[in-house]
Amino acid sequence: MIDPITLAVLKGRLEQVADEMDATLFRSAFNPIIAEAHDASHGLYHAATGETLVQGKSGLPIFVGAMAFAVKAVIDKAARDGGLADGDVYIFNDPYDGGTHLSDFKLVRPFFRDGAVFCYLASVGHWHDVGGNVPGNYNPVATECFQEGMVIPPVKLYAAGELRPDVIAILRANSRLPDSLYGDLNGQVNALDLGAKRLHALLDEYGDATVLEALTELKQRAALQFRSLLRELPDGRYAAEDFLDNDGIRDEPLRIGLEVVIAGDSLTLDFSRTSAACAGPLNIARSTAVAACYVAIKHIFPDVPANSGVMEPIRFEIPEGSLISVRAPKPVGGYTETILRLIDVVFQAFAQIAPDRVNGCAYGTINALSLAGHRRDGRRWVMFSFFGGGHGGHPEGDGLNHGNAPISMATIPPLEILEAAYPVMFTQWALRTDSGGAGRQRGGLGAVYEIELLEEEADVFLFGERGKYAPAGVLGGKAALRNRFLYPRAGQLVEPVMVSKAHDIKLKRGERLRLETPGGGGYGPAAERSDAQIAEDIRLGYVSREGAVRDYGRTIREAAE
């Protein structure tokens, strides 16, 4: 049996392999969504099952579960095609087997030792544009996946170490930004090359058998640790539900319904009350739903490791054909909005089970915004970005102001980078007063962004949520302010018909868009927040004097004392 010191050292060394792969791509990618926002991930995966062994700490947690399905898809494909060769690298973006959406391109490489597959190395990154009806690919009115971008099944980018240029030609021909695509692709290939080099060195140093034993032990310990945590929770059934505004096609709410069952050291997540698949792009594949549940569990139990052992005690009830278990060609481009709501309902259910571990709901939308046009010299430009909001209040304090979505370690692209890359100017980038939900621990604040166009014209598309259903508080905490998007029409600022989704908006030089993002939900009753805390909130501009009276029932004089 492997000794604890060697196990700890190997755990760190294996994580370092994945971390270096992350860093390699972040430093070499062409598009800001990877280079600045870190919308990518790398890891090591089991040779037979594709299960997650190790993932980098800087990548997106949502990929911990999703990439296991992606690697398994390659394993199955290779088995049908007659096997693998050393130097093979598969590429694809199929979101139904591989999870997430078409913008996320996966590269999967079998890692050989002594003529056999030891494990798989994998890289996933969000490419800037992969075709489809909308530049940047967040199409809020898509009714099938073909309107969201090119669909590539698992194919060999490298066959026995030989590059297939025909595959690259197909990919470049289907993007508005082929050079950006090519740069990101090469960054991912280089990350895999570095990962293979580092892993070979590690195995040469410690031996294949010892490292395999460590990987097995780490998975078993993760399962045992999570089962131990589950045994500390009260047995029972706990229900929660939340809603998406609409699917972009029909202005009708979509339910994410959850029942959590705790029974000893097992956990059941039952989504049977969730709405059926919708016409628009708010659907997700089952693989994505499972991965999102892992992210929620990781938030509630932060000490559990990032490997597949954590999933062993969990049973999922996800009806086929529901909103969170679709197959092709159902559109899935807005997956981020749906998994954020899924995470919210897990938080709300666990508030009844382990109130000391949860927080109010975060702002719950990435507000995927695309602006696209042509420069004066005819060159195409496409700006795609996502934006921040408030996180929920929690047992230890107020929620984070202007944070990024809790599905990832990604960061909000800096305005300096966006202004340098695209013909836009941010005339406002500020915290949104009164947007955090009131509570004993206040929800974090959302933000206000105003964006002015500097070119002659552009097309604008927004894919957001939380325009109708505000981020909820927990344990008596109040909801945050809802999302709000405004654009110019006939000399006035107006809101979209679908509230949080808009398409084909025409913007002229000097015109501005305005986005007001939600805050986070409060934690605990607002009446239990101290006068001193409210006074400090007023001083900092987080809460207005009117908001103190409205949300906390305190007069200005009381709040200032």
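How many helices and strands does the secondary structure of the protein chain come to?

1. Overall make-up. This is a predicted model. The protein chain holds 12 helices and 20 strands. Its C-alpha trace spans about 75 × 65 × 40 Å along the principal axes.

2. Packing of the whole chain. The radius of gyration is 23 Å. A compact globule of 561 residues would come near 24 Å, so the chain agrees with that expectation. Buried residues account for 61% of the 561 residues. Take the contacts between residues at least 6 apart in sequence: 73% of them join residues at least 24 apart.

3. Helix 4 against helix 5. Two packed helices are described by the angle between their axes and the distance between the axes. Helix 4 covers residues 165-173, and helix 5 covers residues 178-206. They pack at an angle of about 135°, with axes 8 Å apart. Angles over 145 degrees would count as roughly antiparallel; helix 4 and helix 5 are therefore oblique to each other. Their crossing is right-handed.

4. Residues at that contact. Helix 4 contributes Ile168, Leu171 and Arg172. From helix 5 come Pro178, Asp179, Leu181, Tyr182 and Leu185. Six of these contact residues are nonpolar, none is polar and two are charged.

5. Thr143. This residue sits in the loop between strand 5 (116-126) and strand 6 (155-159). Is Thr143 partly exposed or buried? Its relative accessibility is 40%, so Thr143 counts as partly exposed. Setting aside neighbours within four places in sequence, Thr143 touches Ile249, Ala279 and Pro331. Gly280 is 137 residues away from Thr143 along the chain, yet their C-alpha atoms are separated by 5.0 Å.

6. Backbone points to check by eye. Most residues other than glycine have a negative phi, and most peptide bonds are trans.

7. Pro329. Pro329 belongs to the loop between strand 11 (314-317) and helix 8 (335-350).

8. His402. His402 is placed in the loop between strand 13 (380-385) and helix 9 (415-421).

9. Ala490. Where is Ala490 found? It lies in the loop between strand 17 (484-489) and strand 18 (492-494). With a relative accessible area of 78%, Ala490 is exposed.

Methods: Residues numbered from 1 in each chain as written. Predicted model: local features only at pLDDT ≥ 70, side-chain atom pairs only at ≥ 80, totals over all residues. Heavy atoms only, no water. Axes fitted to C-alpha atoms, helices over the stretch in contact; angles between N-to-C directions. Helix = DSSP H or I, 4+ residues; strand = E, 2+ residues; numbered from the N terminus. Parallel < 35°, antiparallel > 145°, perpendicular 65-115°, else oblique. Left-handed = near helix turned anticlockwise from the far one by under 90°. Contact = heavy atoms within 4.5 Å. Nonpolar A, V, L, I, M, F, W, Y, C, P; charged D, E, K, R; others polar. Rg over C-alpha atoms; globule rule 2.2 N^0.38 Å. Buried < 20%, exposed > 50% of the residue type's maximum accessible area, 1.4 Å probe, protein only.
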